[in-house]
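The entries follow the order in which I looked things up.

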Amino acid sequence: MSFTTTKLTTAMATAGFALLGSGLAAQEITYMCSSDGTECATAREIFDRFEAENPGVTVVVDEVPYKAILESLPVQLAAGTGPDMAKVTDLGGLSQYYLDLSPYVDAQYWEDSFGGTLDWYRKGADDNGIYGLHSQLTITGGYANKTLFDQAGIEMPGGDATWDDWAAATRAVAEATGTDFPMAMDRSGHRIAGPAISYGAKLFDANGEGKLVDEGFTAYVQKFVDWHNDGTMARDVWAGSGGSSYQDAAQEFINGELVYYYSGSWNVAKMDDNIGDAFDWVVVGSPCGSGGCSGMPGGAGIVGFEGTEHPELVAKAIDYLAQEENYAEMTAKTKNIPAHLGVASKGVEYPGASEGAANALNAWAAQVAKVSPVAFQYQGYKNNRAMFNITVERVTQAIVGELSVEDAMARAAADLETALAEAN
Amino acid sequence: MLMILEPIMRVIEVPMKFLQTALRLKNPAWLFLFPNLVLFGLFAFLPILVNVAYALTGSDGILLSDRPYVGMQNFTDLMACESYLDPNSCKDDLFWRAVWNTVWFTTLQVGLMVGFALITALILNRDIRARGFFRAVFFFPVLLSPVVVALIWKWILQREGILNAWLDGLGLETFNWLLDRDWAFGWSVFLSIWAHMGFYTLILLAGLQAIPRDVYEAAMMDRASPWRAFRRITLPLLMPTMLVVLVLATIKGVQTFEEVYAFTGGGPGSATTLIIQYVYETGFAGAPRLFGPAAAASLLLAFVLVVLTVIQLWLNRKNVDG
Amino acid sequence: MAKVMSFLTRTRGNGKLHWTDWLTYGYLLLGVLLMFLPVIWLGLSSFKTDAELERFPPRILPMAQETVEVEGYDDPLPLYQITGGDYAGRTLAQIRRIGLNAQMVDPTNPTERLNVNIDDRQAVEHFALATENYSELFARFNFLKFFWNSVFITSVATIIMLTVNAMAAFALSKYQFKGRMVVLGLVIGTLMIPQTVVLVPLFLITKELNMADSLWGVIIPGAATPTGVFLLRQYMLTIPDEILDAARMDKASEWKIFWRIIVPLSAPAIAVLAILAIMWRWNDFLWPLIVLTSTDNFTLQLALNSFQGELNTQWSNLLAMTMLVLLPIACVFVFLQKYIATGIASTGGK
């Protein structure tokens, strides 16, 4: 497919150049993309139209491993090379390299359509530029195995149930049905942040700098560790791994070995495909704590880089993706929830998704409103990855018993201090 | 295969011959070394020099011009310990956990692996049927990339993996192998031996093949016992190869990273975190990228390796002389 | 132990199997099981669907559920064996599942709907290879291009590395000169710092030399491996100097001595190194990941890893790709391994 496209665009480029001889003729930009499913293929389809509408323009979509985006791209950018645009997840961490699109796009449209997510890409509070298109909005929260609840004859906790309610209910269900694990949570500092915020974690100090450990944060970590020790949480996920490596529990949930799985909206397609008819599962959002019922927003966005030779074209290409109908198409085909307010308010129809999957996606979209402002701020904070990694590493040590919760939190606070002192 | 290189070699011969005569070199060693030294200088020594510079500077910048000089700070931070035996008393507890894990890992891995590689090589050197096949079998895991090795064994050993399914089928108790610190460590050693033993077996086999048959025939005539033949002929003649194997195995053992990292992620907790994982997660994959401590740790590691290698070479020299 | 060592003396004698032979074959058999079974299982898994791969406990063979066309239903329905309840023993097709009950129908009597408890049914399955895992790969990207890139990088880097390393090893083993130990020390010294540690400095240098995002950026830095020099030098030390002296008497140039005498005599070690070099370059992942950015320059390993997203991994395709990546290098090994066998041993090594 890409081969014929290249040929076609080359032909078009020649024709366009001959006819116009100016403008955007014969320009090529590269888009570094990594995929959890169909993101890159969908972008390719939309860019095909973009190329057709703008003769002479080529957008090369380079599909790379996620590791390249996370680990190689920052090194390339720091060394002054890299692609023209990319799909990134470390939104704040790379913000120093982002190209400001505002000179080239309708800023009002972007503000109206994307609102809060634009802040995640900005360099600071007083920055009004437009840098990134949030193409893949995700939100963390829980999935519950409804069939197991039915089998146990236990009523599922409601929307305002606390973490303790869920822990008690899932323990009862697991016991009644002989299920292996009541609960599990992805091994990720991002996943545990939502619950911690619900328990009052502030995550920032008075100056807006990251501050990991406070009363609320410790309170949830203590609960979390206790749940691992009493068997409420599946130990395999957090305790089975080390360092800052990511581990999910989707396999356990899909196999019906898990009553409640705290993960996020991106798993819908996977659940839909792999669970099939085996049992009923529902999206239950984030349980509550003493200070709210927040999940964490997240996801990936498309940005341009300052180093590009064709800033105008990069801006134009990203702006094209941001147009309402294209954005809606992208959201629908990649089975994501929309960050575009216009698209969100109209609701998205997911072609090819089962009824259950479409309902689940819309249930996730409804969760966005419950997200705490702290969570929003955390998602866009440039050093959040440092905080995520430290959380995972130190909380795991507390779970496996290498450190007490108190020591682990003291180490975490010290780690972050070192990291922030070194980070520019 | 050497046939492919024939024309290339003929082409190289012309300038080499010319240089040898033109420079009137009686000893053309440097001529032969030159291409290697250029490659090494640029792509091995220079990066290491930059690494040294990283170790002496701070911040998360990757260009040296962005990095302020901090002297020995990174080293003293790593070495700040009340007791080196207790990682919890250290400023950087993770580094010292990794150090002790690596010490145990290397000792077990190198000892067991070289032992098994020697046995395997001796067996494969016999007149056995289907020798090529067996040799291929033992070498096969070496061909797998570290990530694939880890993937295979993870699937075998995980809670609902093949091994547990098998134990269950036999009516035995299943066990969560990778959740137990000691088992996870043991399996990491096993996996690393599994993946690399074939390589050392091959080197030893090449060494065994190099021992001329007639030496053994002579020994046979003298009615030397097999054990005596092994100790008096095989082992001494295999010593240079054995040295290569020991030195390489130790170095590579200490530097083990990818397969164990993909296998356990260094867990549970930090039970299988090895030094290179610490370096990798602190520097290249860190957030922020703390190249200073990472580089300092790698240089400390290199220093220890140099000492180990010198000891091995020295022991060998003593062996040969005595 | 003593008896085990009699292997060396090759007394296979009169065709009867000695007990040491039994021990030998026992060991070899164990080796085959331990070394090979996991790989075979990997191969079988590459023919499983994603749902099957996620399944606990795993099964050896790839299976798929039997379906049946039932009159009055557009799509084929999945078949179940009923193990309990009123319809025990019958084979029914499932229409849909509601909560804890499944609505079933007997394919021979499509009009009657039956209610079955979901615990009373067991899927009827048959052996099925998910060949789409493989075919999707070719549809999804330009496999041949990646294959060519990998082959090019591997072969060129291996040839460069072997040539350059053998030359250096020759110099370090067969000449006495000032600075020999210094060079040897430096070479061994670079062994102490693995490439993983210096990825960033290495990238900066490669970029300065304008080799970023080009195949040469993978080839050239990869060729500077100290292991080869060390390995070959140790091997060449065992070659007697008299052979060289004899050749020098015949006025052979030093290059000829290297090429005509040293290299053939080192064939086993060179073959080992060749296998290693090929394997390293073929399986190399982290370094190409940094150097190469455009898909056109990608190697098979990078393509393989692009199935790993941030949150999801497409295991079925990844495993299929793993097998495809494994095949060529396995062939290369089978080809090269015979050189190790027929090296010095057959030429006599006098």
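Entry 1, the interface. I looked up the contact between chains C and A: 27 residues of chain C are in contact with 38 residues of chain A, where contact requires C-beta atoms, placed from the backbone, to lie within 7 Å. I noted that this is a predicted model, in which local features need pLDDT of at least 70 and side-chain atom pairs count only at pLDDT 80 or more, whereas totals for chains, interfaces and linings use all residues. Residues are numbered from 1 along each chain as its sequence is written, and chains are lettered from A and ligands numbered from 1 in the order in which they are written.

On the side of chain C that touches chain A, the elements giving two or more residues are α2, α6, α12 and α13 of chain C (helices are DSSP runs of H or I with at least four residues, numbered from the N terminus). I found that α6(C) gives the most, with four residues.

I then turned to α4 (143–174) and α8 (226–236) of chain C, whose axes are 8 Å apart at an angle of about 45 degrees. The axes are lines fitted to C-alpha atoms over the stretch in contact, and angles run from 0 to 180 degrees between N-to-C directions. This angle makes α4(C) oblique to α8(C), since angles under 35 degrees count as roughly parallel, over 145 as roughly antiparallel, 65 to 115 as roughly perpendicular and the rest as oblique. Among the residues making the contact are C:Met161 and C:Phe170 of α4(C) and C:Leu232 of α8(C).

I recorded domain 1 (63–127) and domain 2 (134–347) in chain C, with bounds from an automatic or database domain assignment. Their centres, taken over C-alpha atoms, are separated by 57 Å.

Methods:
Two residues are in contact if their C-beta atoms, placed from the backbone, lie within 7 Å.
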